[in-house]
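Here is a short briefing on one protein model. Look at the sequence and the structure first, then work through the points below.

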Amino acid sequence: LGASAPPDLALLAAALLATAGIVPAANAVSATASTGTTPGTSVRVDSTNETLTITAPTGQSLDGHTFTAVELAKIIDATAVDGKITETAVSTNGNLTANIITAAKTAGAIDDDLKSDPMTWVAKTLTDSDTSPYAGKLRDFVTALANDTTVTKAATLPLTVSGNTATLTGEPGVYLVFDKATGAASLPI
């Protein structure tokens with residue numbers, strides 16, 4: 001989330017990212033973050049709150065869903081070229097570093113990849129791909145986090161649901177969103 005959050009990171013929270021949707025195709029939702037980058041700019045991201053919005057497909061409603069989120073990392077700064085984020089600096093949530101490292105290893109990371117900041121590796125490696133967020137290493141990473149009870153218990157930030165949208169206002173960051181809809185398994189976004 002944030003003024004310079006890459007679409008990838010918005011979905012990596014919404015594919016982690018939010019990243020930037022890990023939901024079955026039949027229930028596909030999209031997630032976006034507020035953006036304000038201009039071509040060829042480098043911006044320092046401050047703590048000004050931004051809004052992450054999850055939108056249901058046309059004609060569908062999110063009413064009855066309960067979304068909660070956990071921040072995996074803060075977005076510190078980003079560089080945009082021609083309106084596309086090319087570099088992002090993030091800082092892993094210190095309370096979840098060990099969990100994120102374990103999940104990153106399920107997605108192919110080795111210890112050397114994770115020495116400085118594990119979410120930096122995730123942002124640079126797993127979200128810079130032409131593969132679908134519905135499969136592959138990004139999915140492995142998000143699924144590992146979704147199966148980690150420490151992570152699911154930390155997902156306490158509520159999203160506000162209204163009609164076909166759910167919103168979260170928070171500091172620029174990478175969030176993992178869970179859908180705790182009645183009768184449905186938790187879906188990481």
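Asp111 is exposed, with a relative accessible area of 51%; exposed means over 50%, buried under 20% and partly exposed in between, using a 1.4 Å probe and protein chains only. The residue sits in the loop between H2 and H3. Helices (H or I, at least four residues) and strands (E, at least two) are DSSP runs, numbered from the N terminus.

This is a predicted model, in which local features need pLDDT of at least 70 and side-chain atom pairs count only at pLDDT 80 or more, while totals for chains, interfaces and linings use all residues. Residues are numbered from 1 along each chain as its sequence is written, and side-chain values use heavy atoms, with hydrogens and water left out.

**Asp111 and its surroundings**

- The C-alpha atoms of Asp111 and Ile101 are 8.5 Å apart. Along the chain, these two residues are separated by ten places.
- Asp111 also forms a salt bridge with Lys105. The closest N and O atoms of this pair are 2.6 Å apart.
- Lys105 has 40% relative accessibility, so Lys105 counts as partly exposed.

**Salt bridges**

- How many salt bridges does the count give? The count comes to three. The rule asks for a side-chain nitrogen of Lys or Arg within 4 Å of a carboxyl oxygen of Asp or Glu.
- One of them joins Lys115 and Asp112, with the closest N and O atoms 3.1 Å apart. Lys115 is exposed at 65% relative accessibility. Asp112 is exposed too, at 54%.
- Another joins Glu171 and Lys74, at 3.6 Å from N to O. Glu171 lies in the loop between strand E9 (165-170) and strand E10 (173-179), and Lys74 lies in strand E5 (residues 67-81), so the pair ties together parts that are 97 residues apart in sequence.
- Glu171 is partly exposed, at 22% relative accessibility. Lys74 is partly exposed as well, at 41%.

**Helices H2 and H4**

- Helix H2 covers residues 97-106 and helix H4 covers residues 136-146. They pack at an angle of about 140°, and their axes are 8 Å apart. Axes are lines fitted to C-alpha atoms, for helices over the stretch in contact, and angles run from 0 to 180 degrees between N-to-C directions.
- H2 and H4 are therefore oblique to each other. Angles under 35 degrees count as roughly parallel, over 145 as roughly antiparallel, 65 to 115 as roughly perpendicular, and the rest as oblique.
- Which residues make the contact? H2 brings Asn99, Ile100, Ala103, Ala104 and Thr106. H4 brings Asp140, Phe141, Ala144 and Leu145. Contact means heavy atoms within 4.5 Å.
- By class, the contact of H2 with H4 has six nonpolar, two polar and one charged residues. Ala, Val, Leu, Ile, Met, Phe, Trp, Tyr, Cys and Pro count as nonpolar, Asp, Glu, Lys and Arg as charged, and the others, Gly among them, as polar.

**Two buried residues**

- Leaving aside neighbours within four places in sequence, Asn99 is in contact with Leu145, Asp148, Thr150 and Val151.
- Thr120 is found in helix H3 (residues 118-125). Thr120 is buried, with a relative accessible area of 17%.
- The C-alpha atoms of Thr120 and Ser91 are separated by 7.3 Å. These residues are 29 residues apart along the chain.
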